[in-house]
Amino acid sequence: MLQRTPLHPAHLQLGARMVDFGGWEMPVQYSGIRDEHLAVRSAAGLFDISHMGEIEAAGPDAEAFLNGLLTNDLRKLTPGAGQYTLLCLPDGGVLDDLFAYRTGPDAYLLIVNATRVAADFAWIGQRLAESGLGQGVRLTNASADLSALALQGPLTPSFIDEVLPPSASAPGDATPLRASQLPRNRIARHTFRGQPVWCARTGYTGEDGFELVAPNAIVAELWNVCLDAGRPHGLKPCGLGARDTLRTEMGFPLYGQELTGQRTPIEAGLDVFVALDKPDFCGREPMIRQKQQGLSHRRVAFRMTGTGAPPPRPHYPIRDQAEGGVLLGETTSGTLSPSLGTGIGMAYLPTAFATPGQAVWIEIRGRRYPAEIARRPLYCRPSGKSA
């Protein structure tokens with residue numbers, strides 16, 4: 001039986017088309033993927049991300065323990081700051097990508113992928129038991145008690161303060177601030193209907209936006225308040241379909257497609273989120289060797305260049321010639337870009353074919369269509385428009 005978020009009745013009431021996503025019954029679209037996508041690019045969109053997981057770590061040894069697991073350098077985080085990071089196997093393969101927030105001097109909140117919650121918590125717990133730091137770290141899987149929303153789009157700062165009252169303080173800061181004043185990659189604790197709500201300013205769409213983490217009991221009301229506040233600004237409820245097209249335009253990887261246990265963050269082009277200069281962390285040595293010896297394959301973005309090509313999808317073969325030739329790999333993601341009006345996607349290709357401008361051929365239902373390797377992000381906001 002599929003799991004459901006507390007917002008399931010709200011999705012049905014809004015006429016959402018529901019699908020199975022990793023064991024969760026989630027909305028894939030409401031008014032349409034293109035319509036929702038363009039709303040996020042031009043105004044605002046509201047996503048239910050309650051299927052994602054929340055893992056809390058606290059205690060005097062929490063920083064040292066997590067820094068020995070995650071690729072980024074947690075020591076750089078002051079209270080209220082967050083960073084994108086990855087959880088890796090000893091051989092460097094990616095177990096999950098996540099966002100880590102420092103919510104207090106010795107407290108952290110990890111936002112993990114929906115399909116990885118149980119596996120991540122078990123893996124982290126096992127590493128804690130082996131570390132000898134168990135007395136100094138308290139791990140909590142809060143996923144069953146918390147829900148989350150994502151408000152994304154350039155106009156979200158215009159109405160976020162109508163959703164959350166200006167009664168919050170960033171961790172470590174006694175000065176109250178409005179949600180719209182929250183800097184990028186920061187988190188603050190607000191109050192909504194007497195309940196605590198974490199508000200972060202990060203995003204997975206390439207647009208400005210906020211993520212709200214709230215107790216299950218109030219998330220339906222929070223959802224409705226967001227809709228009411230945002231509608232005059234062009235906000236629309238959005239499903240997983242638009243979330244996928246938005247992140248693909250930005251060249252952002254997705255766990256289970258670009259990120260797997262068979263690929264390292266270095267191969268994925270996520271070097272900037274790997275602090276190889278910090279003390280040992282899980283997977284560090286294999287990644288150092290890759291940096292020293294070079295890579296056989298790299299993650300690339302591509303766009304279709306011909307006319308009449310169907311949208312690319314995952315697992316389509318990629319070849320070096322229009323006829324015959326060599327099989328280079330397969331697409332990991334693929335979609336029709338609503339912003340660009342052409343097919344786009346990502347793949348892992350041999351380094352010799354991973355240079356922007358390189359011509360390749362995508363095989364779609366037995367026919368080959370021309371494409372070229374492109375720089376990430378594939379979509380850039382036109383100059384003169386606010387971000």
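A residue is buried when its relative accessible area is under 20%, exposed when over 50%, and partly exposed in between, using a 1.4 Å probe and protein chains only. The structure is a predicted model, in which local features need pLDDT of at least 70, side-chain atom pairs count only at pLDDT 80 or more, and totals for chains, interfaces and linings use all residues. Residues are numbered from 1 along each chain as its sequence is written, and side-chain values use heavy atoms, with hydrogens and water left out.

A salt bridge is a side-chain nitrogen of Lys or Arg within 4 Å of a carboxyl oxygen of Asp or Glu. The whole structure holds 20 salt bridges. Helices are DSSP runs of H or I with at least four residues, strands are runs of E with at least two, and both are numbered from the N terminus.

Within helix H7, Arg-247 and Asp-244 are three residues apart, so about one helical turn separates them. Their salt bridge has its closest N and O atoms 2.9 Å apart. Arg-247 is buried because its relative accessibility is 1%, whereas Asp-244, at 26%, is partly exposed.

Another salt bridge, 2.9 Å from N to O, joins Lys-291 and Asp-271. Lys-291 belongs to helix H8 (residues 284-293) and Asp-271 to the loop between H7 and H8, so the pair ties together parts 20 residues apart in sequence. Both are partly exposed, Lys-291 at 46% and Asp-271 at 27%.

Glu-249 and Arg-41 also form a salt bridge, at 2.9 Å from N to O. This pair links distant parts of the chain, 208 residues apart: Glu-249 is in helix H7 (residues 240-250) and Arg-41 in helix H2 (residues 33-42). Glu-249 is buried at 0%, and Arg-41 is buried at 5%.
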